[in-house]
Amino acid sequence: MIIAVGFLRWLFNFQREEIQLLLEGRGIHISTGEISKLSEEFLLRFYVLHKKHHSSMKKIFEKNGGYVLHLDG
């Protein structure tokens, strides 16, 4: 559920109420507050995953001559 809510919220820019309606159409009843918690948890886990693999991604960029196209602070 965390991944589904996270993708809908952060990748597709759905609002909490839109996610709620979409899930209710599939028989899943969830509050907007719980959607907020799940989307925040998604971001935290994604951040941890990114930090965990940062060094290996850096090595790949250095090896293949790649570069960062977008950086968001």
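The model is predicted, so local features need pLDDT of at least 70 and side-chain atom pairs count only at pLDDT 80 or more, while totals for chains, interfaces and linings use all residues. Residues are numbered from 1 along each chain as its sequence is written, and side-chain values use heavy atoms, with hydrogens and water left out.

Let me begin with confidence. The quantity pLDDT is the predictor's confidence in each residue, from 0 to 100, and its mean over the chain is 90, with 90% of the residues reaching 70 or more. Confidence is lowest in helix H4, residues 54–64, at a mean of 82, and highest in H2, at 97. When I say helix, I mean a DSSP run of H or I with at least four residues, numbered from the N terminus.

Now to the core. The largest nonpolar core has 7 residues, namely Val 5, Leu 8, Ile 19, Leu 23, Ile 30, Ile 35 and Leu 38. Two or more of these residues come from each of helix H1 (2–11), helix H2 (16–24) and helix H3 (32–52). A nonpolar core here is a set of buried Ala, Val, Leu, Ile, Met, Phe, Trp, Tyr and Cys residues joined through side-chain atoms within 4.5 Å, and buried means under 20% relative accessible area, exposed over 50%, and partly exposed in between, with a 1.4 Å probe and protein chains only. In soluble globular proteins, nonpolar side chains tend to be buried together.

Which residues of H1 are buried? They are Val 5, Gly 6, Leu 8 and Arg 9, and these buried residues pack against H2 and H3. If we leave aside neighbours within four places in sequence, Val 5 is in contact, meaning heavy atoms within 4.5 Å, with Ile 19, Leu 23, Ile 35, Leu 38 and Ser 39. Ser 39, which lies in helix H3, counts as buried because its relative accessibility is 4%, and beyond four places in sequence Ser 39 touches Val 5, Arg 9 and Trp 10.

Next, the packing of the helices. H1 and H3 pack at an angle of about 90°, with their axes 8 Å apart, which means that H1 is roughly perpendicular to H3. Axes are lines fitted to C-alpha atoms, for helices over the stretch in contact, and angles run from 0 to 180 degrees between N-to-C directions; under 35 degrees counts as roughly parallel, over 145 as roughly antiparallel, 65 to 115 as roughly perpendicular and the rest as oblique. On the H1 side the contact includes Ile 2, Ile 3 and Phe 7, and on the H3 side it includes Glu 41, Phe 42 and Arg 45.

H2 and H3, in turn, pack at an angle of about 105°, with their axes 9 Å apart, and H2 is therefore roughly perpendicular to H3. This contact is made by Arg 16, Glu 17, Ile 19 and Gln 20 of H2 together with Thr 32, Ile 35 and Ser 36 of H3.

Finally, look at the loop between H1 and H2, where Asn 13 is placed. Its phi is near 60°, a positive value in a residue other than glycine, although most residues other than glycine have a negative phi. Asn 13 counts as exposed because its relative accessibility is 56%.
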